[in-house]
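Dear colleague,

I am handing over the structure below, and I would be glad if you kept it open while you read the notes that follow.

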Amino acid sequence: MFEGIAADDWDAVVRYCKNFDEPGHKAADELSALSDADDDAYRLLPLRIQQRVVAELVAAGRLGENSRPENPLLRMSSAGTTALGAQRLLVHSRRHVEGEVLQYDSVLIIDDAGTVRLER
């Protein structure tokens, strides 16, 4: 007897029963659709990926160390995908240092496993 089913499993059963195709990479499709809309790409990312984005930029010195993932000083837009299918994001970040505002333009790569790396 079943007591419950996970949402992803339920979707798979419905797709099978109705003979629907397997969906593509939904997040990648949404990010690509918003390639002209700055900052929306960041809000579409899951919180754990947002935290990794902020941590990567802080580690590279391109964002202040006390930046919170919920409200960092950055603007992000999608730049499509790499040859391997990872998402490429253009990031404009700011950091306050001794009364000055330093600005950085970076490219981040986010793969399907959720790994975030700064493209140098």
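**What was found**

Of the 120 residues in the protein, 29% are buried, where buried means under 20% relative accessible area with a 1.4 Å probe, counting protein chains only. This is a predicted model, in which local features need pLDDT of at least 70 and side-chain atom pairs count only at pLDDT 80 or more, while totals for chains, interfaces and linings use all residues. Residues are numbered from 1 along each chain as its sequence is written, and side-chain values use heavy atoms, with hydrogens and water left out.

The protein contains four helices and four strands, which are DSSP runs numbered from the N terminus (helices H or I, at least four residues; strands E, at least two), and their order from that end is α-α-α-α-β-β-β-β.

The four strands form an open, antiparallel sheet in the order E1-E2-E3-E4, where two strands pair if DSSP finds at least two bridges between them. Strand E1 (74–81) and strand E4 (116–119) each have a single partner strand, so one side of each is left without a neighbour in the sheet. Within the sheet, eleven bridges join E2 (residues 87–97) to E3 (residues 100–110), and Arg 94 has Gln 103 in E3 as its bridge partner.

Helix H4 (residues 47–59) lies across E1, E2, E3 and E4, at about 40° to E4; the axes are lines fitted to C-alpha atoms, for helices over the stretch in contact (heavy atoms within 4.5 Å), and angles run from 0 to 180 degrees between N-to-C directions.

With kind regards

Note on methods
Buried means under 20% relative accessible area, exposed over 50%, partly exposed in between (1.4 Å probe, protein chains only).
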